[in-house]
There are 2 protein chains.
Amino acid sequence: MPKVTLADISREAGLGKATVSRALAVEPHPDVSEETRARVKAVADRLGYRPSVTARALRAGGYHAISAVIPDNAWGWWEPAVRAAFLEAGEHGYHVLAHAVAGRPGGAASVVEDLANVPTEGILLFGSSNDTAVLRAANALRLPTVAIDDVNDEVRVPTITVDNVAGAYQATTYLIQSGRRRIAYLGSGAKSTLFERDRLAGYKKALAEHGLEVDPELVVYDTAWKWDDGETPSRSAPIEYLVDRGISFDAVFCEFDMIAAPALRSLRRAGLSVPADVAIVGFDDDLAAQLLDPQLTTIRQPYERMGRNAVRKLLAAIGGERLQPTRELEAPELIRRESA
Amino acid sequence: MPKVTLADISREAGLGKATVSRALAVEPHPDVSEETRARVKAVADRLGYRPSVTARALRAGGYHAISAVIPDNAWGWWEPAVRAAFLEAGEHGYHVLAHAVAGRPGGAASVVEDLANVPTEGILLFGSSNDTAVLRAANALRLPTVAIDDVNDEVRVPTITVDNVAGAYQATTYLIQSGRRRIAYLGSGAKSTLFERDRLAGYKKALAEHGLEVDPELVVYDTAWKWDDGETPSRSAPIEYLVDRGISFDAVFCEFDMIAAPALRSLRRAGLSVPADVAIVGFDDDLAAQLLDPQLTTIRQPYERMGRNAVRKLLAAIGGERLQPTRELEAPELIRRESA
DNA sequence: GTGAAAGCGCTAACAT
DNA sequence: ATGTTAGCGCTTTCAC
């Protein structure tokens with residue numbers, strides 16, 4: 001299938017390339033007779049002409065596309081953020097190209113490196129691209145970069161993150177105000193990430209402010225949680241740990257929703273009813289939160305706002321604005337469902 | 001930030017464009033002295049040079065990229081398929097650009113139309129692009145197109161689909177062989193899609209082959225299921241329907257996993273224990289299947305095979321091969337977990 | 001080892 | 001209303 005170009009049509013139709021171009025333009029050019037246009041279109045159709053996006057872009061000087069890099073362990077939570085990013089970008093005439101890491105050997109960093117061969121004007125880093133390698137790669141490309149929910153301590157690119165401290169504080173306070181006093185903290189513990197630390201801090205802050213002590217026995221970790229292999233945790237040690245040792249508790253704040261799923265299961269096994277015996281609050285408002293039984297009360301990240309904000313920042317940077325590499329915090333929201 | 005081009009470096013370094021190009025080439029050109037290369041690189045670095053992907057592509061004659069169009073109600077199940085597509089394409093030197101419909105007004109069709117402005121060589125249609133409008137748009141682009149899990153009756157492009165009849169048959173047979181006799185079918189009923197019909201057919205076939213009658217009372221629909229708004233179903237009428245009317249049943253085959261989630265909930269409310277009183281089998285092996293309690297026994301679509309197969313077909317078509325617009329069926333697999 | 005020039009496919013000036 | 005030409009940024013002959 002030989003490539004059909006304007007020149008071919010021009011020759012075939014006995015018209016200049018310019019006329020053909022005008023006849024086929026996206027916004028119909030006024031200076032072309034209907035008759036000519038029709039003839040050109042007919043020839044183009046017959047020949048199976050497809051305009052070269054590449055040539056057009058070279059001419060126009062760009063694609064107006066930005067790239068979203070989406071990590072593996074982000075099922076559920078990032079969908080609304082990506083969605084919002086698509087919408088916001090679209091409103092500014094930009095395309096969003098989504099690049100899933102999808103278990104590639106080199107991880108997110110290699111995906112970013114690959115962007116060197118993709119016609120894109122900016123990079124949107126989603127989720128825990130916990131890797132300085134990723135940022136280095138992005139930097140090497142000299143492409144404007146904005147991160148959403150990056151968990152690096154060191155902020156090297158403009159970053160949009162939910163206010164984790166505030167969210168955990170909100171969750172814990174809600175539990176306290178519901179009359180709970182022995183509130184356990186269930187963490188993933190696998191990595192010492194920013195949000196793990198902040199959510200724990202918010203939990204402690206709420207306890208402190210309400211005159212409750214932090215009982216170290218109530219801060220437990222789910223050793224079953226697997227970070228990098230995409231596996232869903234199938235069991236939860238921490239609840240059993242508490243129950244087996246007879247450590248009493250009447251509420252659980254989970255570092256994120258996926259921790260809550262196996263916890264719910266363990267509670268049921270232990271004969272504890274939720275929320276009557278134990279109230280439980282998650283974090284993220286993952287899609288899974290609504291599938292659980294009871295449906296999970298959780299702290300929702302303002303995904304839409306985060307996605308749109310990130311795109312706006314990126315577009316501004318593309319426009320030449322100089323962005324500060326600072327972390328911008330977005331306020332989370334408590335979603336009351338059945339579990340607390 | 002003015003765009004820095006080869007010409008700029010050439011001027012700045014006092015070297016010809018060709019030399020600069022050679023020095024900066026991806027595969028280092030042998031005919032360039034180390035000294036020159038170093039100098040060129042230094043200048044490029046200082047100026048903040050970024051090669052134009054566009055110009056390179058125009059020169060080279062293409063991008064080697066294909067586009068995956070991902071509809072809204074496919075988030076969740078599509079991930080492994082897309083992942084496999086990424087991997088397979090990568091092995092052939094192709095990029096995959098993912099385009100989420102993400103609630104765009106025009107739906108998948110408008111996303112496909114937009115592909116006219118994206119440097120792509122082929123289209124991978126994911127999920128229920130139940131729309132002839134989508135196929136029309138794809139067709140208008142004259143781009144090779146392959147569909148995965150398309151639910152149109154009429155097959156107009158090469159299509160990879162799981163064998164829904166076989167899967168449902170397998171699930172139902174498994175229930176029968178486990179000693180169940182009163183097996184209910186829980187459908188979505190919202191649309192008369194291909195897979196709805198086929199899964200129901202597989203269910204009936206299994207019953208028939210094992211000498212069981214199809215009791216119309218046991219074929220019920222979840223009227224709560226919402227198709228297009230991305231909302232997760234929060235309740236399930238059908239189980240209540242059966243229980244309230246005293247229609248006995250000892251197993252449930254669900255048209256897909258998301259139907260099973262609320263069903264599980266309803267069963268628990270009704271005091272029915274799973275799988276002791278009622279066994280339940282889903283379809284899809286959605287990520288959610290493992291989060292449910294009990295974990296869902298389900299029919300898994302061979303996502304990896306489907307994704308890879310689709311990409312291979314598409315690449316063949318791009319290579320000039322003429323593909324038949326037929327539906328290719330892939331064999332599903334029963335995943336035994338706890339619910340049956 | 002390096003440079004000059006052509007050309008990928010298109011569109012926007014600038015003719016006519 | 002249509003044709004001619006130049007040039008977007010790059011790589012690749014082909015000379016030197």
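Tutor: Contact here means heavy atoms within 4.5 Å. Please bear in mind that the model before us is predicted.

Student: How many residues of chain A and of chain B does the contact take?

Tutor: The contact draws 57 residues from chain A and 60 residues from chain B. About 5000 Å² is buried between the two chains, and carbon and sulfur atoms give 58% of that area.

Student: Which elements of chain A supply at least two residues each to the side that touches chain B, and how should I read the polar part of the interface?

Tutor: Let us begin with the polar part. Between chain A and chain B the count is 16 residue pairs in polar contact, both residues being at pLDDT 80 or more. As for the elements, helix 3 (34-47), helix 4 (53-60), helix 5 (79-91), strand 2 (95-100), helix 11 (257-269) and helix 12 (303-318) of chain A each supply at least two residues of the side that touches chain B. Strand 2 of chain A gives the largest share, 6 residues. By residue class, this side of chain A divides into 30 nonpolar, 13 polar and 14 charged.

Student: At what angle do the axes of helix 2 and helix 3 of chain B cross?

Tutor: Angles of 65 to 115 degrees count as roughly perpendicular. In chain B, the axes of helix 2 (residues 17-24) and helix 3 (residues 34-47) come within 9 Å and cross at roughly 90 degrees. Helix 2 of chain B is therefore roughly perpendicular to helix 3 of chain B.

Student: Which residues meet in that packing?

Tutor: From helix 2 of chain B come T19(B), V20(B), R22(B), A23(B) and L24(B); they meet T36(B), R37(B), V40(B), K41(B) and A44(B) of helix 3 of chain B. The residues of this contact divide into 5 nonpolar, 2 polar and 3 charged.

Student: Where are cis peptide bonds found in the backbone?

Tutor: The peptide bond from D293(A) to P294(A) is cis, with omega near 0 degrees. P294(A) lies in the loop between strand 9 (279-284) and strand 10 (297-300) of chain A. In chain B, a cis peptide bond joins V274(B) and P275(B), where omega is about 5 degrees. P275(B) is placed in the loop between helix 11 (257-269) and strand 9 (279-284) of chain B.

Student: What is the phi of H64(B)?

Tutor: Although H64(B) is not a glycine, its phi is positive, about 60 degrees. H64(B) is in the loop between helix 4 (53-60) and strand 1 (65-70) of chain B.

Technical notes
Residues are numbered from 1 along each chain as its sequence is written. Chains are lettered from A and ligands numbered from 1 in the order in which they are written. This is a predicted model: local features need pLDDT of at least 70, side-chain atom pairs count only at pLDDT 80 or more; totals for chains, interfaces and linings use all residues. Side-chain values use heavy atoms; hydrogens and water are left out. Axes are lines fitted to C-alpha atoms, for helices over the stretch in contact, and angles run from 0 to 180 degrees between N-to-C directions. Helices (H or I, at least four residues) and strands (E, at least two) are DSSP runs, numbered from the N terminus. Angles under 35 degrees count as roughly parallel, over 145 as roughly antiparallel, 65 to 115 as roughly perpendicular and the rest as oblique. Ala, Val, Leu, Ile, Met, Phe, Trp, Tyr, Cys and Pro count as nonpolar, Asp, Glu, Lys and Arg as charged, and the others, Gly among them, as polar. Buried area is the accessible area (1.4 Å probe) that two parts lose on being put together, summed over both. A polar contact is a pair of N or O atoms within 3.5 Å; within protein, one must be able to donate a hydrogen and the other to accept it, and residues adjacent in sequence count only if both atoms are side-chain atoms.
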